[in-house]
Amino acid sequence: MLVYYRSQHDNQSWLAALTAVMDTCALILVGVEDVHPLQARMTFAMARQVVVEIARSFRISPSRYTGGDRLPHDEYTRMVAILLEAGIRWNDSAIVEETLAALRATYEPLLDGLASALLLPLPAWIARHDAADHWRRGHRGLIASRLIEELSSRSDTEAHPDVARGRMAQRLRSRLRRGR
């Protein structure tokens with residue numbers, strides 16, 4: 001099984017990626033407004049089943065969280081502020097934090113058990129400002145970075161977005177051929 005796979009970067013792992021996906025689904029399910037939760041619910045259910053089966057296959061028990069809470073109240077409050085600043089509508093109901101904690105309790109102990117057994121750290125809920133951005137380096141990293149920047153800066157009011165994307169794709173193919 002590929003469960004023992006190690007990334008060439010010490011701060012990246014398949015377990016961290018799976019954790020981030022599950023955390024995102026949990027946020028959508030409990031507090032993000034204006035997003036239909038069907039995809040998050042289905043993704044969460046499938047990802048949780050994967051975690052359960054991997055843990056069962058390797059006889060790994062859920063941890064008792066000796067390392068502490070991944071999302072204490074002060075970090076939760078900071079995360080909500082970041083989401084609101086990014087323009088995400090958040091349900092500020094009094095029970096949302098409690099509901100999120102209950103949902104997290106269905107998967108975090110298993111993830112933590114896997115992390116302990118495999119010696120892979122779990123990611124924090126909020127990335128550090130000095131976190132390495134490995135995807136921008138390496139093979140075609142600059143091109144990927146430019147593509148992401150162009151896609152995120154394009155105007156949503158363009159009359160013909162498909163035409164604009166086509167021109168952008170042509171520019172990127174041209175850059176690839178030139179090796180820049």
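Me: How many helices and how many strands are there in the chain?

Reply: The chain has seven helices and zero strands. Keep in mind that this is a predicted model. Going along the sequence, the pattern reads α-α-α-α-α-α-α. As for burial, 31% of the 180 residues of the chain count as buried.

Me: What makes the span of helix H2 agree with its number of residues?

Reply: Helix H2 covers residues 38-57, which is 20 residues. The expected span is 1.5 Å times one less than the number of residues, so H2 should span 28 Å. The C-alpha atoms at its ends are 29 Å apart, and that agrees.

Me: Which residues of H2 are buried, and how do you know that they are on the same side?

Reply: The buried ones are Ala40, Phe44, Ala47, Val51, Ile54 and Ala55. Around the axis they cover an arc of only 100°, so they sit on the same side of H2. Met46 and Arg56 are exposed residues on the face turned away from that buried side.

Me: What do the buried residues of H2 pack against?

Reply: They pack against three helices: H1 (14-30), H4 (96-104) and H5 (108-118).

Me: Why is Val51 called buried?

Reply: Buried means under 20% relative accessible area. Val51, which lies in helix H2, has 1% relative accessibility, so it counts as buried.

Me: What does Val51 touch, not counting residues up to four places away in sequence?

Reply: Val51 touches Leu18, Met22, Leu110, Leu111 and Leu114. Take Leu111: Val51 and Leu111 are 60 residues apart in sequence, yet their C-alpha atoms are 7.0 Å apart in space. For the chain as a whole, consider contacts with a separation of 6 or more: 72% of them are between residues 24 or more positions apart.

Me: Why is the pair of Phe44 and Tyr107 called edge-to-face?

Reply: Two cut-offs matter here: ring centres must lie within 6.5 Å to pair, and planes over 60 degrees apart count as edge-to-face. Phe44 and Tyr107 are 5.4 Å centre to centre, with 80° between the planes, and that makes an edge-to-face aromatic pair. The structure holds two aromatic pairs, and this is one of them.

Me: What makes this pair tie together parts that are apart in sequence?

Reply: Phe44 lies in helix H2, while Tyr107 is in the loop between H4 and H5, so the pair ties together parts 63 residues apart in sequence.

Me: Are Phe44 and Tyr107 buried or exposed?

Reply: The cut-off for buried is under 20%. Phe44 is at 8% relative accessibility, so it counts as buried. Tyr107 has a relative accessible area of 0%, so it is buried too.

Me: Which residues touch the most other members of the largest nonpolar core?

Reply: That core has 34 residues, and Met22, Tyr76, Met79, Trp90 and Leu100 touch the most other members. The elements giving two or more residues to it are H1, H2, helix H3 (73-85), H4 and H5. H1 supplies the largest share, seven residues. In soluble globular proteins, nonpolar side chains tend to be buried together.

Me: What is Met79 in contact with, leaving aside neighbours within four places in sequence?

Reply: Met79 is in contact with Leu27, Leu71, Leu100, Trp125 and Ile126.

Me: Why is Asp34 called exposed?

Reply: Exposed means over 50% relative accessible area. Asp34 has 62%, so it is exposed. Asp34 is in the loop between H1 and H2, and its phi is positive, about 70°, although it is not a glycine.

Me: How do you know that Leu119 is exposed?

Reply: With a relative accessible area of 70%, Leu119 is above the cut-off, so it is exposed. Leu119 is in the loop between H5 and helix H6 (141-153). Its phi is near 60°, a positive value in a residue other than glycine.

Me: Why does Asp69 count as partly exposed?

Reply: Asp69 is at 48% relative accessibility, so it counts as partly exposed. Asp69 is in the loop between H2 and H3. Asp69 and Ala124 are 55 residues apart in sequence and 9.9 Å apart in space, C-alpha to C-alpha.

Technical notes: Residues are numbered from 1 along each chain as its sequence is written. Side-chain values use heavy atoms; hydrogens and water are left out. Helices (H or I, at least four residues) and strands (E, at least two) are DSSP runs, numbered from the N terminus. Buried means under 20% relative accessible area, exposed over 50%, partly exposed in between (1.4 Å probe, protein chains only). The arc is that of the directions from the helix axis to the C-beta atoms. Contact means heavy atoms within 4.5 Å. A nonpolar core is a set of buried Ala, Val, Leu, Ile, Met, Phe, Trp, Tyr and Cys residues joined through side-chain atoms within 4.5 Å. Rings of Phe, Tyr and Trp (its six-membered ring) pair if their centres lie within 6.5 Å; planes under 30 degrees apart count as stacked, over 60 as edge-to-face and the rest as tilted.
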